[in-house]
Amino acid sequence: MKDSSHGVIRLLTRLRDARLVWDVMGSLYNQRIYPLIAGLYESIAEELVLPDRARILEAGAGRGYLSLLLASRHPDARFTGIDFSRMQVCRAERYRRQRKIFNCSFQQSNVLRLPFPEAVFDAAVSVGSIKHWSDPHRGLTELRRVIKPGGCLMIAETDREAPDDVLRQFVKRFPIPLVPEGLLFWGLRHVVFGQSLSEDELADATGRAGFHPVERRPVPTCPYVMVKAWK
Ligand SMILES: C[S@@+](CC[C@H](N)C(=O)[O-])C[C@H]1O[C@@H](n2cnc3c(N)ncnc32)[C@H](O)[C@@H]1O
């Protein structure tokens, strides 16, 4: 690939990770992605076993689909979704009110500096957010700090090693008005998935942050990787 393409990819990746971009463009992402990765939220919901009256944190909650799905399944548990974009938090709060779910709340916070004391959550979850963190190790270490001993983390991310044909199928289900399919494929291939993590990288990063054991989970419904790990 030419040097100029590398420069464009670097620039677009920085935009991809900018809080302001999530404030402005978050609703476009939120509307389009949910149906494509609903199966992933569902597999997290099926696998998450919680003690009575558990407290759960979601990092980079976006519009809050996962927290609200989990909150509706676990009425005696309390969910907190954080996101560094104020507008994403507003969208999540609006969606929560529409769905009349009261055991969940959303607040603005950066996963790199969580405003919670140590060991207060029974579990933490995160989908599609870690690739945006400026310091993933610090974010994972913060998550470990706020999880209770024995508590678990489930974290999923776009698969950097997803094959082209799988991504082409994904693009077909992800139309954006006025954006040609070829351009969308290029963006997903090089900027979204291409600058993400492989399964090995996600598992290694989780282990390096002190989680043990770290187990890999298959994601049959979309080109994501997922690990489940314990403090
Ligand atoms: C790809 S979206 C995923 C949203 C949601 N988890 C979902 O499944 O729809 C990534 C989210 O991570 C948030 N984010 C990125 N960096 C963050 C950080 N350092 N701290 C907290 N949230 C962050 C973004 O604002 C965005 O809402």
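**Loops, burial and a ligand**

Trainee: Does Arg-53 count as buried or exposed?
Mentor: We go by relative accessible area: under 20% is buried, over 50% is exposed, and anything in between is partly exposed (1.4 Å probe, protein chains only). Arg-53 comes out at 69%, so the label is exposed.

Trainee: Before we go on, what kind of model is this?
Mentor: Residues are numbered from 1 along each chain as its sequence is written, and side-chain values use heavy atoms, with hydrogens and water left out. Local features need pLDDT of at least 70, side-chain atom pairs count only at pLDDT 80 or more, and totals for chains, interfaces and linings use all residues, since this is a predicted model.

Trainee: Back to Arg-53, then. What is its phi, about?
Mentor: Arg-53 is found in the loop between helix 2 and strand 1 (55–59); helices (H or I, at least four residues) and strands (E, at least two) are DSSP runs, numbered from the N terminus. Most residues other than glycine have a negative phi. Arg-53 is not a glycine, yet its phi is positive, at about 50°.

Trainee: Which loop holds Lys-100?
Mentor: Lys-100 is another residue other than glycine with a positive phi, near 55°. At 60% relative accessibility, Lys-100 counts as exposed. Its place is the loop between helix 4 (86–99) and strand 3.

Trainee: Why does Val-120 count as buried, although it lies in a loop?
Mentor: That loop runs between strand 3 (104–108) and strand 4 (121–127). Contact means heavy atoms within 4.5 Å, and Val-120 touches Arg-55, Val-146 and Lys-148, leaving out residues up to four places away in sequence. Val-120 is buried because its relative accessible area is 18%.

Trainee: And what is the relative accessible area of Ser-109?
Mentor: Ser-109 has its place in the loop between strand 3 and strand 4. Neighbours within four places aside, Ser-109 is in contact with Ile-82, Asp-83, Phe-84, Leu-114 and Pro-115. Ser-109 is buried, and the value is 7%.

Trainee: Which residues does Asn-30 touch, beyond four places in sequence?
Mentor: Asn-30 lies in helix 2. With a relative accessible area of 4%, Asn-30 is buried. Its contacts are Arg-63, Tyr-65, Gln-88 and Arg-91.

Trainee: Now the ligand. Which element gives the most residues to the shell around it?
Mentor: A residue is near a molecule if one of its heavy atoms lies within 4 Å of it. Of the 19 residues around the ligand, those coming nearest are Tyr-41, Gly-60, Asp-83, Val-127 and Ser-129. Giving three residues, the top contributor is helix 2 (residues 19–47).

Trainee: How much of the ligand does the protein bury?
Mentor: Start with polar contacts, meaning pairs of N or O atoms within 3.5 Å: a polar side-chain atom of Gln-88 lies 3.1 Å from a ligand oxygen. Polar side-chain atoms also lie 2.8 Å from the ligand in Asn-110, facing a nitrogen, and in Ser-129, facing an oxygen. Accessible areas come from the Shrake-Rupley method with a 1.4 Å probe. The ligand alone exposes 600 Å², and the protein's share of that, buried, is 98%.

Terms used:
A polar contact is a pair of N or O atoms within 3.5 Å; within protein, one must be able to donate a hydrogen and the other to accept it, and residues adjacent in sequence count only if both atoms are side-chain atoms.
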